[in-house]
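The following exercises are meant to be worked through with the sequence and the coordinates side by side. Each task is followed by a stepwise solution.

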2 protein chains.
Amino acid sequence: MLVVCCGVFGALAALRADDGYRLWLRYDRITDEAARSAIAPHVQAIRFATPQAEDSATLAAARQELATGLHGLLGVVPRFQSVAATPGADLGDEGFQLQRDGGTIVISARRDIGILYGAFDLLRRIQTRQPLAALNVTSVPRIQRRLLNHWDNLNGTVARGYAGGSLWNWFTLPDHVDARITDYARACASVGINGAVLTNVNANARFLTPQMLEKTAALAGVLRTYGMRVYLTARFSAPVEIGGLHTADPLDPEVRMWWAHKADEIYGYIPDFGGFLVKANSEGQPGPQDYQRSHADGANMMADALAPHGGIVMWRAFVYSHEAPDDRAKQGHQEFAPLDGKFLPNVVVQVKNGPIDFMPREPVHPLFGAMPKTPLALELQISQEYLGCSTQLAFLAPLFEEVLDTDTHANGIGTTVGRIIDGSADGHSLSVIAGVANTGNDRNWTGHPLAQSNWYAFGRLAWDHTLASSTIADEWTRQTFGNDTRVVQPLTRMLMESRETVVNYSMPLGLHHIMAEGHHYGPGPWVADLPRADWTSVYYHRATGQGIGFDRTATGSNALGLHAPDFVKRYADPATCPEEFLLWFHHLPWDHTMRSGRTLWDEIALHYQKGVESVRSWQTTWAGLQGAIDPQLHAHVSALLRIQEQEARRWRDACLLYFQTFAKRPLPAGVEPPERDLDYHKNYQPAYVPGRDGA
Amino acid sequence: MLVVCCGVFGALAALRADDGYRLWLRYDRITDEAARSAIAPHVQAIRFATPQAEDSATLAAARQELATGLHGLLGVVPRFQSVAATPGADLGDEGFQLQRDGGTIVISARRDIGILYGAFDLLRRIQTRQPLAALNVTSVPRIQRRLLNHWDNLNGTVARGYAGGSLWNWFTLPDHVDARITDYARACASVGINGAVLTNVNANARFLTPQMLEKTAALAGVLRTYGMRVYLTARFSAPVEIGGLHTADPLDPEVRMWWAHKADEIYGYIPDFGGFLVKANSEGQPGPQDYQRSHADGANMMADALAPHGGIVMWRAFVYSHEAPDDRAKQGHQEFAPLDGKFLPNVVVQVKNGPIDFMPREPVHPLFGAMPKTPLALELQISQEYLGCSTQLAFLAPLFEEVLDTDTHANGIGTTVGRIIDGSADGHSLSVIAGVANTGNDRNWTGHPLAQSNWYAFGRLAWDHTLASSTIADEWTRQTFGNDTRVVQPLTRMLMESRETVVNYSMPLGLHHIMAEGHHYGPGPWVADLPRADWTSVYYHRATGQGIGFDRTATGSNALGLHAPDFVKRYADPATCPEEFLLWFHHLPWDHTMRSGRTLWDEIALHYQKGVESVRSWQTTWAGLQGAIDPQLHAHVSALLRIQEQEARRWRDACLLYFQTFAKRPLPAGVEPPERDLDYHKNYQPAYVPGRDGA
């Protein structure tokens, strides 16, 4: 009889595997005793100082968060005090001050939400080991409305969502509001996000029916405690679809009355309703042009309806004509710039960061600076529609920062996109920034565990667009993974390299929109012969035997000419145009000499190669973190890095093989020869890519 | 200066809220010290006795589960031993014995999976406080293949699923297999479920492409450790859709070769692949009848392809003709009974429990007993398509038990459905039971927290169809909520009442298929004038000024006549027909005298009223459990009971108001007058019901 003694199995008391649900709001006990005892004496008591004398659900949430956080991190059970006091500084409605008074931290604010923001700020400082001894912080958001845009459908799917289904449980609302909604709101409030558009811009009129409004009101009730307002997308044809009218003409009195009554009804359910986001006359959506009216007519009609209640209209400028043969990059400008000054004061025109569509890199949209009389909202995409669909690491703070810091030169030097958006460039009081959310009901919220950083980064930059992306990377890493520099340093490096890496292996040097057909995941530079030229790839890269790139200077489409003269001057000359935008604005010969001294062809090839190599270096880095990171999480990211390395190679090989048919030059030294031929890549289709509208 | 001292906030060390993820596999420390010390001495060591000498992943999983469970429940760190020994009893491939040898528990089995089943059985005994002193258990499953059928689509939606999206993460497979898959497999193995059909019966041929098979193989790799095989649905037209052939004719040699090669390919990826489930020539699905071939021709073609690898074909009998004007309840029988004896040995015909479609109550399908030469699989629906879509409590073990225990009288007294399915009635060695899963990626797996009991119950009855539903309710409640009788007794009562309650408030006394149009959630007895009569409600209830019910006796459609004579005899006479099936088989006058002495009309009305009242009694019961149950879970179920009470009232009022237009009689005493009129109910549409095929 064989007897094998197997002994005790595994680590019995192992912590439950980390499923990522807590995001960056981790309050595990600080194990470094020196650090703990340096902080703990300062936070024995917390004083809320606000003119608002009564207690509120928001103040209770602030106490709850601090109690949980300080006890978790430090083992401290803080005493709470509230004093009725008016802050010394001008903090606006949402700002706060943090100061130390002996063993008491004083959080001052004009309203309870400022106290909550201060509480999260304090916890962040402790999580990231910032000293509290000389604490004296004043923080006021630069942008008024800092919104997530959820492209969520009534059926629970999320357009361009790669992290499971929708967070909103419409079926069982209003009776049941999932506990997860509170955690969503906590996460948003912790980075200052103060609103959410709950529904897809490809809108469904049914969201405006009483049954759905009652459900929405139940969500709003939870979000309100955390300073968040709800907004909805408004289907332009709703008066016909759910209102029984025969027209949705924005100048028709019956239509205008329908919207006015609808607004009254909405505010009856949700007194602090934020307003409407509208995609009209774009990609098949109905709009005012169906009635020979302008975007301003449409927006103003809704604005009139919402104005009595304080609501706003966010009217999207993402339009491109079905007829116009002109450069798609010009069309948003062509339709909207002439309307400047024609919108009511509670309308913002919401503009994507670039003129095409959330490419890994785009120059800024020419509308920024071109509509000084109109508040412009910046729409960023947190969801990685064109950057690997949540299978690939792409920390987006550098992308957001690049956009916000771009100088449009519209009012002379220093007219950055950030200053246009925050209203300071043109003296607007209404200001909005929007991020298309990367959240879903995956347990870890964002699919890729490290993509949580993008939700975080959007919120931090929405609050203060002057923050450095490297600071945000450092903060998030420490909050999420702790303060061990052996983890923080390599991980921060990976994050900071990652967006440029995706650019390198997919669309370097200004290349754009060369994805495969039917999804936005993999390469398809050969895509041609679609019903519209501007859906194809060849329209955008324009490769020929002579060269590659889209001439958007005066000799070409002159989309560049839509920008301010000083901007144009720099980008119009290939010698001064930043190389990362070279092929966006210029068609250049394959032998064009780059700043490196290499030919354009060699430079393209080496960028693709570098992209692949960066991913491989992360694989090594990440493997080295085994043991320092929760095993389940480590395995998950390892698997995703494997996918990313495969996809990076696929992009490199597909694009280089294809462009080589024009360039007819060998790959330079250092670029790996492709494993498979071009036909393989042309025929390859991933089995399934999630996130299209219908699913 | 107003100073308010708020004191310490809340219970700082409160346990993390219970999100239901752990299902019934909860191993929290037993707080009753007497109970703990009565059990602990017996489980100091665990001995695995199996002829299989080598260690395996399955044995490791058994050790892991026992180590975690015994340490969690008892604080015991057991010693493990393995001995090579052949069990004394005939345990088959999956059975096990549990015996005590001093402080050692001996788990004996012929294969490692039996050891794992034994481990889960032991843990269940401890969780439910069964004494171990005289432990001597032999357990062998009665049915060979105990399968979940997942109606999951490639795009992540789940047809008739009400618990979020699919558990299968196709996009990131095969590189990443979510940790949740392991927990799914643990839960299945803990109740003996040994296979899963991963895909929707409305099948997508792309699942049979190499890319998808590689992904499926990665899932199979995790499930295999827990004794689970994967199966796929086979789209009959796959040879055309992905094979490039011009026909899918099952007698065409090229088609047969295509399937044979496809089977070879599948087994190359998944050596223990279970086989195909096929829905053919039903509700628009392609099938052999498209080529004037029979169901047997189609099934046998696939069976031929799978036979060399040991795979099986599960061919669904859920068909109803697009042309036949005959009673839909007869059509499955009409098409399949004549084919008895024509199927290859590795084909089972999979039959839904009743002849219509998963109603809250149906008589058993007349095919049970009518195809003695063919192994029949029983298809039950765990997902609550017609029983409230996971918003409503409906413990289904009593429904399953009622079906399994029904005597078809096919081979004389005692020919129960259970004995037909397990093969003993007709001497078949192949036996299959299938449950359409109620799982999804909701954190709690099943949407309604208490619907976890239905997954559990299906597994337990699949293993042993003679188990009493009350035993299962008691087990599950204890495992999930602990052994406090103040919780166990009231909760078990709620569970045991619940299915009959749903019957009472929706379709009592044999009424069926009177749902609203477009979804299967609420009432719509008025539905008429659809393209097919058998999609309407009036087809099924046949209410007139004279009476109500579907005459399926010899004077009517004679669907009853498809059953065995002794069965017919009992049901054909309203005086002996069980009243719960009365209106299924009989059209009776409103004044027909029921066994209670009441008229049929009064009895119908009082059943509806009783349904509502039962739900209200649960609301009271559940409110009384506050404090004894995790607050988050308690709030969730409270909200769902609110929904259920509303929906019960809606069903009652809508149906009684409608039927009253025929009966023209007053509501009897004790029935609440409806709050709204019939028009309100006819016009009411829920804003959104999940789970249809497209989403």
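**Exercise 1.** How many helices and strands does chain A have?

*Solution.* The model is predicted, so to speak, rather than experimental in origin: local features need pLDDT of at least 70, side-chain atom pairs count only at pLDDT 80 or more, and totals for chains, interfaces and linings use all residues. Residues are numbered from 1 along each chain as its sequence is written, chains are lettered from A in the order in which they are written, and side-chain values use heavy atoms, without hydrogens and water. Taking helices as DSSP runs of H or I with at least four residues, and strands as runs of E with at least two, one finds 20 helices and 16 strands in chain A.**Exercise 2.** What share of the residues of chain A counts as buried?

*Solution.* Buried means under 20% relative accessible area, with a 1.4 Å probe and protein chains only. By this cut-off, 64% of the 695 residues of chain A are buried. Among contacts (heavy atoms within 4.5 Å) in chain A between residues at least 6 apart in sequence, 73% join residues at least 24 apart.

**Exercise 3.** How many disulfides does the structure hold over all chains?

*Solution.* A disulfide is taken as a pair of cysteine sulfur atoms within 2.5 Å, and the structure holds 0 of them over all chains. B:Cys389 is in no disulfide, and the nearest cysteine sulfur, that of B:Cys655, lies 15 Å away. B:Cys389 is buried, at 1% relative accessibility, and A:Cys577 is likewise buried, with a relative accessible area of 0%.

Notes. Buried means under 20% relative accessible area, exposed over 50%, partly exposed in between (1.4 Å probe, protein chains only).
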